[in-house]
Amino acid sequence: MDTPASLALLLQALEAGDLRAARAAAAELQRTRQGATQLAAEVLHELRQPLLGVKAYTQMLSEEIGSRGALRQMLAQVERMEQIISDFTRLASERPAPQQAVSLVAHVQAATRAFALNPDSARIHLQVEAPEELTVNGNGRLLEQLVLNLLNNARDAVTGPGQVKVVLTHEGGAPVLYVADWGRGIPDTVLPRLFEPYVTGSKRGTGLGLAVCRRIAQEHHAQLELAPPSVLSLQPAPTTLFRVRFPPPEPTPTPLPAPAPLTPSPTPAAVRRRLLVVDDEEIIRSVFKDLMGRECEVLEAAHAEEALALLERGRVDLILTDKNLPGLSGLELARRARQLDPHSRVILMTGYPSLVTAQEALELGLLDYLLKPFDDIREVRVRLREALTSAAPLPRGLRPGNRRVDVLEDSPVSARRLTEALALLGLEARVLATAPAEPPADPPIEPPAAVVVSWDFAAAHGRQALALARQLSQGAPFVVLAEYLSQETMLESLRAGASGCLPRELETPELSRELSRLLHAA
C-alpha cells in the first residue's frame, strides 16, 4: 500500500531532523485524517435514508406475508449495514454524550429486544440473569449499543444453534455486566489487538463492534475486558466471557408509584384523520403513505413551503416532518403551523439529534421527537396512531386569575431560589418537598397557575415526577428543572407535555427570566 503524501513528508522531515517541517507535516496529516473521517461519516449517514426505506418496507411486508426466509435474510443484512454505519459514526465522533442516573437493567432489556429483531438471532437461546434494579451513571442509548454489540459479537461467534447468556450483578458494590457465549472462541492472533478498530476473527464482522464497545465503556469510566470463563461458575464453562465493570453509582432515592396519567378524550372512530408527511426523501414519504394509508388520509410535501400551502387550504390532524428540510427547517415549519392553527400537532423526526434541537422541539410544544433510523417502523405506527387521537397540546401560558405556582422540589437551596425567581414575576410558590397526599384535600385546593417540577424529585424521580406534575397541573403548563440537561431528559419532558426544561443551577435573576419566557409563552 502506498504511503500517504502527508505521512511521507512527516517521515522525511523526521529523518532530516527538521523539527519545524515535521510539526507542519504532522498538522497536515491530522487535518487530512479528520477531513477523511468526517467525509466518510457524512457519506455513511446519507446511506441511512435509503436503508430506512428498505427496512421499513421489509418489516411491513413481513407483517402481511409472514417473516419468511428471504425476508429474514434481507432484514438481517439491512440491520447489519445499519450497525456498521452506527459503529463507524460512533468511532468518528469526538463529542461525549450526556449522562445521568439510568437503569442498567432496563437498557439491557431494550438491547435484548433489539437483538431479537434480527432474524439471525432466532437460532440463539438468550438468557438474561439480572436483579430487579441496577443503576449506573450513563447514557441510555450508548449503553444499549454497548450491550447490543456484545450480543451480536457473541451470536456471530456461535455456529448454528447455540446459547448466549447475560449476567448483571454487583461486585464490591459496583455494577458488573457479563456476556458469555459457547462459540468457537477468539483466535490467539487476534487477542493482543482485540479492541482495535478493524481487527476481527470473524469472516462476517467488520472489526468495529468491540472497538465501539471499548469507546462507550471508556466514556462511562467503565472497564471492558475478557474475563476468565470460570468466574461465573457456569456448566459447561463458556468459551468467551466479556466483563464490563462500572464505577459505583451515587445513591438514588427509591421513587414512589407514578400517578395515573390523564386519559385523553376518545375520538369518534368514524372520523378519517389527516396526516401530513414532510420529507425531501421520496422513499420516506412513500413509507409513511403505505404505513398509514389504510388508517388515515396521508398528504405529502417535499419541503416546508409546500406543506404550508397545504395547511392554508385545510386543517390536518398531525404533521410529521423531518428536521433538515431544504429551505425552511422542520422546526420553522412547526412554528408557522402554530401561527396558522395554535392547536397544531407536530412530530419531528431527525437523523441528526442534538440537545439544542430537542430543547427547541420541547419549547415549541411538539408531541414527539423521533430518531432515524427507526428500529421498528411498526412501533412508529403505534406512536402516530396515539398522536392522531391524542388530546390537544397543553396550554403554553399561565392559567389566568391565579398567582400560585406549585413547586415539586426537595432541595431547600433550589426551592429557595425558585421561590425568589417566581416572586420577581409576581407569582407565589407553594413548595412541596414530598408528593402530595392522595386523595386531594377537602375542600379541594384551586388548581395552580403553573407547576415547576424537579426531574430528581426524590418522591417521584424522572418519568414519575413528570406524570405527577402533569396530574397536579390539571391542564396548566409545567416546567422541568434538571441537575443535568440531557437529551433523554428533554425527550421525556417533551413527551409528557412540559413547556420547558431548565438547568437547576441557574442563578435567581436568570432563572426568573427563563421562567417568565416559558410560562408567559403564547
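In which strand does Leu126 lie? Leu126 belongs to strand 2 (residues 124-129), a strand being a DSSP run of E of at least two residues, numbered from the N terminus. The model is predicted, so local features need pLDDT of at least 70 and side-chain atom pairs count only at pLDDT 80 or more, while totals for chains, interfaces and linings use all residues. Residues are numbered from 1 along each chain as its sequence is written, and side-chain values use heavy atoms, with hydrogens and water left out.

View A. Leu126 has a relative accessibility of 24% and counts as partly exposed (buried is under 20% relative accessible area, exposed over 50%, partly exposed in between; 1.4 Å probe, protein chains only). Leaving out residues up to four places away in sequence, Leu126 touches Thr112, Phe115, Leu151, Val164 and Val166, where contact means heavy atoms within 4.5 Å. Gly162 is 36 residues from Leu126 along the chain, and their C-alpha atoms are separated by 8.7 Å.

**View B. Thr357 in helix 10.** Helix 10 spans residues 355-364; helices are DSSP runs of H or I of at least four residues, numbered from the N terminus. Thr357 counts as buried because its relative accessibility is 10%. Its side chain makes a polar contact of 2.8 Å with the side chain of Ser354 (a pair of N or O atoms within 3.5 Å; within protein, one must be able to donate a hydrogen and the other to accept it, and residues adjacent in sequence count only if both atoms are side-chain atoms). Apart from neighbours within four places in sequence, Thr357 is in contact with Lys323, Leu331 and Tyr369.

**View C. Lys372 in the loop between strand 12 and helix 11.** Lys372 has a relative accessible area of 8% and is buried. The side chains of Lys372 and Asp279 are joined by a polar contact of 2.9 Å.

**View D. Packing of helix 13 and helix 14.** Helix 13 (residues 463-473) and helix 14 (residues 487-496) pack at about 30°, with axes 10 Å apart; axes are lines fitted to C-alpha atoms over the stretch in contact, and angles run from 0 to 180 degrees between N-to-C directions. Helix 13 is therefore roughly parallel to helix 14, a term for angles under 35 degrees. Arg463, Leu466 and Arg470 of helix 13 meet Glu492, Ser493 and Ala496 of helix 14. By class, this contact has 2 nonpolar, 1 polar and 3 charged residues (Ala, Val, Leu, Ile, Met, Phe, Trp, Tyr, Cys and Pro are nonpolar, Asp, Glu, Lys and Arg charged, and the others, Gly among them, polar).

Conventions
Parallel < 35°, antiparallel > 145°, perpendicular 65-115°, else oblique.
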